[in-house]
Amino acid sequence: MTTESAAAEETGAATPGAGVPAAPGAPAQEPTADGAETALPDAPGVEHADGSASPPGADGEADAGSSAADEAAAEEPASDEALDVDAAGPTTAGEGSGGAAAGEGAEGAEASGPSEAELELAAQRELRERIEHRKAEKQGPVESGTKLSGQAADLLAAVRAVESGAKPVAAVFREPAPAPRPAAPEPARPASPDRVRPASETVASVAAVLTEGGAPSTLAEQAAAVLGDGADGQLRDDPWLLLRIAGVRPEQADGFARALLGDACGPDDERRGRAVAVWLLEQAALAGHTVLDASALQAALGQRGVPDPDAAVQSAIAEGDVLVFQDAVEDAPAPAEDDEERPVQVRVGLERCALAEESLADGLARIVNSSAKDDGSEQARWESAATSRGSAAELLRAAAGHGLVLHTGGEAARSEPATLVAAARELGLRVCAATHSADGRDRFARLLTAVGTEGEQNGTAPGTAQPEGAPDGTGARTDRPERAADGTEAGGDGHGHGGPDGTRAGRDGHGHGGPDDTGAHPDRQGAQQHGTGAGGGERDSAVVTVSGLLSGAEGPGRDAEGALALDLLVVLDAPQLDVETAAMLVESLPDGARLVLSGDPAVLWSAGAGRVFADLLAARVCPQIVSRTPDPGPLGELVSGIAIGELNQVAAPDKEVVIVPVRDAGEAVHRTVQLVADSVPRAIGIAAEHTQVITPGHGGAAGTRALNAALKERLNPGPGRFGGFDPGDRVVHTPAPGRAVPGRVVRADAEGLHLDCAGTPVVVPKERVEQSVRHGWALTAHQAVGQRWPAVVVVLPGDEVRALTRAWVYTAFGRAERHLSVVHGVDQALARAVAEVPAKERTTRLRALLCAQVPSAA
């Protein structure tokens, strides 16, 4: 397979013309294979994490897509050719096809109630309404004192009382004696919203229009949901609105428009230019950009056959689909004269990304500028808590005096946020820790337990536990350079992992074990899957996933005003926050709450738009605590070097790191199956179900599809009666963009595919299986980020050289806890990627917005 075709396959490209008419005549206006898409290098078509496909439009895009796939979240789990799958329907026997299958799935979905993804969407809609309401309030006049509440209102009343002579100054401003904070009552959780589905009459009318235009009628429900009331009339008036549906490409929308409009359809149609401009910005958002330079968008429109790109952009702006910004040029020299204007750069972006980024900047500025003021008693309590807290003392002191704190470090450094959470609890604060994945949540919950138990065993204050991992199990190794990058070896989080015999490694699939061996014994293998904490107890309710916190399924719930009932929120895996998720989190925090963002800046960035953590680090608006806790062992030493651009040879006496050279992709697949099924269990003592395969992309001869097919044949052979799945299959479920949840197939029935995801039963409706469920023996690095396994096999096939970057290698290698095998087929390209290929840049506005609102950031 050529590199171009491999890249197109990796992104899950919907085959042009499959189920939809081909593009109208103007072939010279399509991009070519010689790099025509250079204006948007990071906006290739990619597979959406929610299962839809936005594939490359031509060979030129495919070429760009290969190098940008990992950084653009092209690896997020999705269906193969979403458009074509929808057109064909389920292909397996006994599952129905076409409308029958969709109808059956719809009934099952209604019976199963709202899904977690729909709860998240409902929460997003509610928070966006609050954002718009807050912005509207800012536009109007504020009468003196009428908008104040809480302490501010009390202070205003006190001042007026003194001014009127009603009370003496001393009586009003005397500080009350500090009192311990009472326990917060359990807040009521929001009721789950009813599932909202388009009316059957609306779907039928849209299906008629789609059929008339030659498009698959199976897109009708999605089109009705996206376009809303009157979707059929909207499509007749503007056929290019079909591009709003995930997976549809411009040439397919052109064919649909030609079928409906006939000779009135042409590349110079204003509606086409406007729709293609929005579509290009959607692709840029998938690549991580929140905005694009106007010149880059115009160049891309020209390559898409739009004769007047500037008019197309202006039309999109006039319709409100696109927003335009004029930002000062960074690092531009100051004007020589006072009346000279400072140079600006014109940028355009989607409304949802732009509003989220502005709301995030507003919320962060509110947190930074509203740090709690006290008479010194609370500060003294924090200082007392920081005493004897070891490496976490600096983090505690920073959190005590600031509303926003950034913390960087690897896996071993997670013991410091755990210490902060434990200390905040002792102070009576309402505290919550949120992670990117369920695996990260359960690991941090066990670590939080170990922080207290180790302190008691060592006769020190709770929260002083140092990470394990040294040969004697007493602490981190110190015989190598310190690092501030991702931890990879067992024990860095306070749960050391044993040698190759596997006697200490936890059989819960993640090999964690504390000094008291909680969670590390084979008898406790169900702890993680069943949502229990260390030692088999209930999971700590203060440790949640970000998605669960926002949807209300986990965490403390919300107060009467809709804010999270928290005094301190600690977010782990902060580099995985995109602007929309981060905006919802910050908007949900009450005034006076503290926010600590902790993560490893060397890992891959978020699957969604933005680079929130990197922008905050660059803006320097708040304290930044760099952990000095190194990650232990040969694996920790290996990834420490990768973080600074060095691929070092490390001593691995217990086979912690093994290199397996291969000549081609076929041999890579064969060796990978051999390692997972035989070599690693026999030589290292880690079973196949605890070994994860990671590869650069979904397509190609050694992508996730090929590897999963080979691994399924060896580890769980079966006919694949339900969309290619059988009970016992290892899968990854994507309930929402950017979220990859590992699980196993339990069974399939009329409701859909039943999964067990980390102990949580999940039912995926039939019509969503192809789009949101993949086999999970092999994942991409973006799917694996935020999780760790006892053993990892990283596959580097020769046709995926351009997908390799330092961040990708660092993230993939860093998923291993005890053992890493590298199936190596890229020769010197691996060392070059580590030394010379940094993460691709993303165009964002967050840093500039923060600098304008926080004086210290300027």
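Q: In which loop is Lys655 found?
A: In this predicted model, Lys655 is found in the loop between helix H24 (633-643) and strand S12 (657-661).

Q: What is the phi of Lys655?
A: The general idea comes before the case. Most residues other than glycine have a negative phi. Lys655 is not a glycine, yet its phi is positive, at about 60°.

Q: Is Lys655 buried, partly exposed or exposed?
A: Relative accessibility is read against two cut-offs: under 20% is buried, over 50% is exposed, and the range in between is partly exposed. Lys655 has 46% relative accessibility, and therefore counts as partly exposed.

Q: Where is Asp827 found, and what is its phi?
A: Asp827 is found in the loop between strand S21 (816-824) and helix H30 (829-836). Although Asp827 is not a glycine, its phi is positive, about 55°. With 64% relative accessibility, Asp827 counts as exposed.

Q: How many helices and strands does the protein chain have?
A: The protein chain has 31 helices and 21 strands.

Q: What percentage of the residues in the protein chain is buried?
A: The protein chain has 858 residues, and 57% of them are buried. As for its surface, the chain exposes about 33,500 Å², of which carbon and sulfur atoms supply 51%.

Q: Which residues of helix H9 are buried?
A: In helix H9 (residues 220-227), Ala220, Ala223, Ala224 and Leu227 are buried. Around the axis they cover an arc of only 100°, which puts them on the same side of H9. Helix H8 (200-212) and helix H10 (231-237) are among the elements that cover these buried residues. H9 is followed by Gly228, which has a positive phi, near 80°.

Q: Which residues of helix H31 are buried, and against what do they pack?
A: Helix H31 (residues 846-853) has Leu846, Leu849 and Leu850 as its buried residues. Viewed down the axis of H31, these residues fall within an arc of 100°, so they line one face of the helix. They pack against helix H15 (351-369) and helix H23 (612-619).

Q: Which residues touch the most other members of the largest nonpolar core?
A: In soluble globular proteins, nonpolar side chains tend to be buried together. The largest nonpolar core here has 89 residues, and those touching the most other members are Leu210, Leu301, Leu404, Leu569, Leu595 and Leu597. Helix H12 (residues 270-286) provides the largest share of this core, nine residues. A second, separate core has 33 residues, including Val732, Trp789, Val826 and Ala829.

Q: Which residues does Leu301 touch, not counting those up to four places away in sequence?
A: With those neighbours left out, Leu301 touches Gly273, Val276, Ala277, Leu280, Val306, Pro309, Ala312 and Val313.

Q: What share of the contacts joins residues 24 or more positions apart?
A: A contact can join residues that stand apart in sequence. Of the contacts in the protein chain with a separation of 6 or more, 75% are between residues 24 or more positions apart.

Q: Where does Thr435 lie, and how far is its C-alpha atom from that of Ala574?
A: Thr435 lies in strand S7 (residues 431-435). Its relative accessible area is 0%, so Thr435 is buried. Thr435 and Ala574 are 139 residues apart along the chain, and their C-alpha atoms are separated by 8.2 Å. Beyond four places in sequence, the residues that Thr435 touches include Arg414, Phe444, Val544 and Leu572.

Q: Is Gly738 buried or exposed?
A: Gly738 has 17% relative accessibility and therefore counts as buried. Gly738 is found in the loop between strand S14 (730-733) and strand S15 (741-749).

Q: Which residue lies over the face of Phe325?
A: Arg845 lies over the face of Phe325, at 3.9 Å from the ring centre.

Key:
Residues are numbered from 1 along each chain as its sequence is written. This is a predicted model: local features need pLDDT of at least 70, side-chain atom pairs count only at pLDDT 80 or more; totals for chains, interfaces and linings use all residues. Side-chain values use heavy atoms; hydrogens and water are left out. A nonpolar core is a set of buried Ala, Val, Leu, Ile, Met, Phe, Trp, Tyr and Cys residues joined through side-chain atoms within 4.5 Å. Buried means under 20% relative accessible area, exposed over 50%, partly exposed in between (1.4 Å probe, protein chains only). Helices (H or I, at least four residues) and strands (E, at least two) are DSSP runs, numbered from the N terminus. Contact means heavy atoms within 4.5 Å. A charge sits over a ring if NZ of Lys or CZ of Arg is within 6 Å of the ring centre and within 35 degrees of the ring normal. Accessible areas come from the Shrake-Rupley method with a 1.4 Å probe; for residues, only the protein chains shown count as cover. The arc is that of the directions from the helix axis to the C-beta atoms.
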